[in-house]
Amino acid sequence: MPRRHRIPGVPLTLLAAVAACSCSSTSSTHPPDAATTHDAGTPHDASTHQDAAPDTGHSKPDAGQDAAVDAPPPPPSFVSFPAGFFWGSATAGYQVESGDDNTDWTAWVAMSGKIANGDNPDVGGPDALNHVAADVADLVATHQNVYRFGIEWARLYPTLADFTADTPDPAAITAYSSVLSALVAAHITPIVTLNHYTLPNYLDDVTQPSQPQGWENAQTTTLFVQFCSRVAARWGGQVDYWLTENEPMVLAVGGYLQGSIPPGVVFDIDRTIAVVKAEALAHTQAYDAIHAADTIDADGDGKAALVSIAKHQRTFHPSDPTSAADIAATAHVEYLWNQWFYNVIVLGNWDDDFNGNYTGPNDKMGDPTLKGRADFLGINYYSDTLISATKGIVIPAPVNASIEQSYLPTGRPETDVGWDIYAEGLGTVVDEAKMWKLPIFITENGIADHLDANRPRFLLDHLFQLGWAMDRGADVIGYLHWASVDNFEWASGFCPKYGLFSYDPTTEVRTARGSANDYAGIIQASKVTLAELDAAAPYATPAVMCQ
């Protein structure tokens, strides 16, 4: 789920922990407005800007600009989605539940100044586990056939003693079983996330950030693999789709560069890289464990388990498109952010020093212990990014760039958290993902929109771009809107409103927004037309700006 640093203008989810770069405001030095330019450009290679050798996982290089030699083709008059397409929405355990008292986030939220407005998910949150019937009814009413949610490790095993003895909390088992039973009864396919930023507090102590925490410790991977195995064995009869980790790069950057999430380490590039590597290895082992434990084909398609991650992908543009240094830096950051992780778990290619080639002493290509550990590609997409080699505070090697993602000087419409609305980017990241030759599932895409003024057009815009990418050959099997219901948006608290459904913080009663009905109509039609998009209200200026 999206996350935004609380200091305005500071990058969040990318390899940055610095103030926004001091980019020129001259419009000619920035990507064109999304309203006038389709950016379905070729993905970038790494910083060498050389054609990649076969099966390295590097895409072909381009100039790093929107201004391609050939004009983009005109858009089709409509796009359509096939029968059996997955239409749904997503949430995350800690963001919608209450009373998950034994996570690192519980201690983090209690610390002064960590969360905007002092918000707390236990006070005024949607309390989803106590509203299962209503939430599933809302999914049914809007014609959704898939729902992504999380099973919280610390709720199931509140203490290390509980985990060691494998004595899960009975109330947690009952709660998650009720969610799954309700979904299956409603013919809604569940997708379960096994780690969505949170860790049990016995593995991540936010009071000791100077000491190795969480994924830095080998014990976390060992126990996580066991956790995944146990969950898959218990609920594999109802679940076929599993996501081991949500946005592993975001977790590493937020926790060890920005310090905006647990354990709160600031600007430590070595620890950031160590965590990314640990998460990649943890996924490959968890993948094997889930496949070994979940042997029941819940939906009758002949596959007992389909396992991947939910990977935050973005588009990247040079801050100055005339600067060769910015163009090279953009290509390299895109490789680090969009390609490194999937290269590991799909191709078995391990770039140990993150330099964009496989010539180092610890590099590997086609490693059988890593390769083939994804059955589909989970993609979370939200917005665009500007990269500079020299402006702002440059993050040291292996990044060697400054990164800007909020309040970009592009002239595009913005969300309530200052991110560009850039629908063309969804087509771009999907086009790029075709290189891995796996089915694609959009596991998150959404907008912070307090008044629900922009979400209707946002849905049309992004789904049109998604359908267009499918016309270009992308094997996309589903789309999940973030989010089903408004929720606790990490450091931004309750301010950003991402839900198709709002709720009363006192009564917790849900109310469908207009965009929920719009989404239902798109699902029923399985089609988006250019005429609908042209007729949609233009994007409005955000009514609020969340921290």
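Arg271 is buried, with a relative accessible area of 14%. That counts as buried because the cut-off is under 20%. The model is predicted. Arg271 has a salt-bridge partner, Glu216, and Glu216 is partly exposed at 23% relative accessibility. A search of the whole structure finds 15 salt bridges.

**Salt bridge Arg271–Glu216**

- The side chains of Arg271 and Glu216 meet at 2.7 Å, N to O.
- This pair links distant parts of the chain, as the two residues are 55 residues apart.
- Arg271 lies in helix α9.
- Glu216 sits in the loop between β4 (189–193) and α7 (218–235).
- Glu216 counts as partly exposed because its 23% relative accessibility falls between the cut-offs of 20% and 50%.

**Salt bridge Arg155–Glu97**

- Arg155 and Glu97 form a salt bridge through their side chains, at 2.7 Å from N to O.
- Arg155 belongs to helix α4 (residues 153–156).
- Glu97 is in the loop between α1 (93–96) and α2 (104–110).
- The two residues are 58 residues apart, so the pair links distant parts of the chain.
- Arg155 and Glu97 are both buried.

- Arg412 and Asp384 meet in a salt bridge of 2.9 Å, N to O.
- Arg412 is in the loop between β8 (402–404) and α11 (424–433).
- Asp384 is in strand β7 (residues 377–388).
- The partners are 28 residues apart and link distant parts of the chain.
- Arg412 counts as buried, at 6% relative accessibility.
- Asp384 is buried too, with a relative accessible area of 0%.
- A network of salt bridges links Asp384, Arg412 and Asp420.

**Helix packing around α12**

- How do α11 and α12 cross? Their axes come within 8 Å, at roughly 30°.
- The two helices are therefore roughly parallel to each other, because angles under 35 degrees count as roughly parallel.
- The crossing of α11 and α12 is right-handed.
- Helix α12 (residues 455–471) also packs with helix α13 (residues 514–525).
- Here the angle is about 25° and the axes are 9 Å apart.
- That makes α12 roughly parallel to α13.
- The α12 and α13 crossing is right-handed.

**A nonpolar surface patch**

- Which residues make the nonpolar surface patch? Val266, Phe267 and Ile393 make it, and its area is about 280 Å².
- Phe267 is placed in the loop between α8 (248–258) and α9 (269–293).
- Phe267 is partly exposed, with a relative accessible area of 36%.
- That value of 36% passes the patch cut-off, because patch residues need over 30% relative accessible area.

**A buried tyrosine**

- Where is Tyr335 found? Tyr335 is in helix α10 (residues 324–347).
- Tyr335 is buried, with a relative accessible area of 0%.
- Tyr335 and Asn355 are 20 residues apart along the chain.
- The C-alpha atoms of Tyr335 and Asn355 are separated by 9.4 Å.

Notes. Residues are numbered from 1 along each chain as its sequence is written. This is a predicted model: local features need pLDDT of at least 70, side-chain atom pairs count only at pLDDT 80 or more; totals for chains, interfaces and linings use all residues. Side-chain values use heavy atoms; hydrogens and water are left out. Patches are made of residues with over 30% relative accessible area and no salt bridge: like charges are joined within 9 Å, nonpolar side chains (Val, Leu, Ile, Met, Phe, Trp, Tyr) within 5 Å. Accessible areas come from the Shrake-Rupley method with a 1.4 Å probe; for residues, only the protein chains shown count as cover. A salt bridge is a side-chain nitrogen of Lys or Arg within 4 Å of a carboxyl oxygen of Asp or Glu. Helices (H or I, at least four residues) and strands (E, at least two) are DSSP runs, numbered from the N terminus. Buried means under 20% relative accessible area, exposed over 50%, partly exposed in between (1.4 Å probe, protein chains only). Axes are lines fitted to C-alpha atoms, for helices over the stretch in contact, and angles run from 0 to 180 degrees between N-to-C directions. Angles under 35 degrees count as roughly parallel, over 145 as roughly antiparallel, 65 to 115 as roughly perpendicular and the rest as oblique. A crossing is left-handed if the near helix is turned anticlockwise from the far one by less than a right angle, and right-handed if clockwise.
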